[in-house]
Amino acid sequence: MKKVLFVSSEVVPFVKTGGLADVAGSLPKYFDKKEFDVRVILPKYLCMSEKWKNQLNYVTHFYMDLSWRSQYVGILEMKYEGIQFYFIDNEYYFAGPRPYGNIYQDIEKFAFFSKAALSALPVIGFQPDIVHCHDWQTGLIPVLLKDKFHEGEFFRNMKSIITIHNLKFQGVWDVKTVRDITGLPAYYFAPDKLEAYGDANYLKGGIVYADAVTTVSKTYAEEIKTPFYGERLDGLMRARSNCLSGIVNGIDYNEYNPETDPLIEKNYSAKTFRKEKIKNKRALQRELGLEQNDSVFMVGIVSRLTDQKGFDLIAYMMDEMCQQNLQLVVLGTGEEKYENMFRHFAWKYQGKVSANIFYSEALSHKVYASCDAFLMPSLFEPCGLSQLMSLRYGTLPIVRETGGLKDTVIPYNEYESTGTGFSFANYNAHEMFFTLKYAMGIYYDKKREWNKLIDRAMAMDFSWGSSARKYEELYRRLLGEEPKAEAPAQ
Ligand code: ADP
Ligand code: GLC
């Protein structure tokens, strides 16, 4: 049995701010249980819902040195849907109203979490062959495994992987403070190790020291080797390209299933959507105070409201978009300028635009199920899960061809009658607008074509199956095993 530990700062269903939580919470369920024992460790945040906190079982606690500090490490556990989860408890670090706060606090918080996650292992008696880290918050782990932890028998042969979910966030702070927090010797703070552009950089440390580096789509794995997407680490990504691969994300097909989803008004399938999907649209129009109109083109957005997601393009075209024959439903939180922009247009175009500036799992499912199209014109997108959810619900994505969006949405080709959505190449507001209008034209004038697009979208398979197999291959390779022979072609 090969043992793997996922270390993540957020994990569904316990705590989520974005797609990282979806991945860390769902992927572990899809490994072959006969060959892999995959467990997950995360912080026990005070902001986690009581529902989950009440179900955690106390395991033990100990005190751990973090440089000159001595800190309490509590360990709790819970088994959920067949997966063993561990939680690191420390009320000083994990007390905020959200998982992340100011970066200078987070820098110490996640140094603590990274070291505590490793220190907890001998105590709970779980000795993973591979520690699978996610994003900058866990970037110190590969470094620690090569440093002090390496001296102990328990950790000596442990391999590490880091998956980059977003290269923009790197966990950067000044060297002096990070040395003081981590207690790591000066040796590590050099440009070929943890230092980048004069500062300490957790993600860089992870990328340099991990035995393998992955990111969440093939296209993003290529893009980050270029200056435009490389976030000043493109040189490092090129240098590490032998160890770098892209494995596209999946989504939890049980959780996101229009046939069984309890959060939506009316369940439907690839066979019944022509009759039933519309009932979700009607219910959402009623719920959000939009004009009751079956035939109007309804466009959805569910997103963090940040520049990454292309909201400056939307802001630029918003007035013109609203003058089209469409409805726009937005669900998201983030930068104030975008929150206010959507509030303004919801006021100006009442009955046409609905701005829901909050976080709601339930409403997100309704948007995926009810809309005709889903707009996601990202500036960059490591993978993107929202477009996969939309495809699953037969809501056609309109995306920019970048990262995972390029790898998962097949643009409509009216001559060959292929495609699962609509896309454009350049980060340009008019290109986005043109593509939206083109999609709208198909919706209004060629309904049969539109429905065939839905047939193809719903027939796509972005469940975890094939990507989990790719991670399994990677784990085997890292542990020096031969790849499994491919099944002979039929
Ligand atoms: P990212 O991780 O960059 O935010 P993804 O597309 O990978 O983007 O994942 C976003 C996830 O967060 C999806 O599951 C999406 O449904 C969810 N989400 C984003 N904003 C909200 C919101 N306001 N309410 C509910 N879910 C949201
Ligand atoms: C990040 C990326 C997103 C990706 C998610 C899960 O938040 O922004 O594109 O889908 O991680 O990997």
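**Close-up views of a predicted model**

**View 1. Both faces of strand E6 are covered in this predicted model.** On one side of E6 lie Ile130, His132 and His134, and on the other lie Val131 and Cys133; all of these residues are buried. The strand spans residues 130-134 and is mostly covered, with five of its five residues buried.

**View 2. Strand E6 pairs with strand E1 and with strand E7.** Strand E1, made up of residues 2-7, runs parallel to E6, and four bridges link the two. Within this pairing, valine 4 is found opposite isoleucine 130 of E6. Isoleucine 130 is also one of the buried residues of E6. Strand E7 covers residues 159-164 and is parallel to E6, to which it is joined by five bridges. Here histidine 134 has threonine 163 of E7 opposite it. Histidine 134 lies on the side of E6 that also carries Ile130 and His132. Strands of a sheet pair through backbone hydrogen bonds, in either a parallel or an antiparallel sense.

**View 3. Three strands form an open sheet in the order E8-E10-E9.** The pairing in this sheet is antiparallel. Its edge strands are E8 (172-174) and E9 (195-196), each of which pairs on one side only. Strand E10 consists of residues 199-201 and is joined to E9 by two bridges in the antiparallel sense. Aspartate 199 in E10 is the bridge partner of alanine 196.

**View 4. The shell around ligand 2 contains 14 residues.** The closest of them are His165, Asn249, Glu381, Cys383 and Gly384. By class, six residues of the shell are nonpolar, six are polar and two are charged. Helix H1, residues 19-26, contributes three residues, the most to this shell. Domain 1 (2-250 + 471-478) and domain 2 (273-461) each supply at least three residues to the shell.

**View 5. Oxygen atoms of ligand 2 lie close to asparagine 249, glutamine 308 and proline 382.** For asparagine 249, a polar side-chain atom is 2.8 Å from an oxygen atom of the ligand. Glutamine 308 likewise places a polar side-chain atom 3.0 Å from an oxygen atom of ligand 2. In proline 382 the atom concerned is a backbone N or O, at 3.5 Å from an oxygen atom of the ligand. On its own, ligand 2 has 310 Å² of accessible area, and the protein covers 93% of this.

Terms used
Residues numbered from 1 in each chain as written. Chains lettered and ligands numbered in written order. Predicted model: local features only at pLDDT ≥ 70, side-chain atom pairs only at ≥ 80, totals over all residues. Heavy atoms only, no water. Near = heavy atom within 4 Å. Polar contact = N/O pair within 3.5 Å; in protein donor to acceptor, adjacent residues only side chain to side chain. Areas by Shrake-Rupley, 256 points an atom, 1.4 Å probe, with all protein chains shown as cover. Nonpolar A, V, L, I, M, F, W, Y, C, P; charged D, E, K, R; others polar. Domains from an automatic or database assignment. Buried < 20%, exposed > 50% of the residue type's maximum accessible area, 1.4 Å probe, protein only. Pairing = 2+ DSSP bridges.
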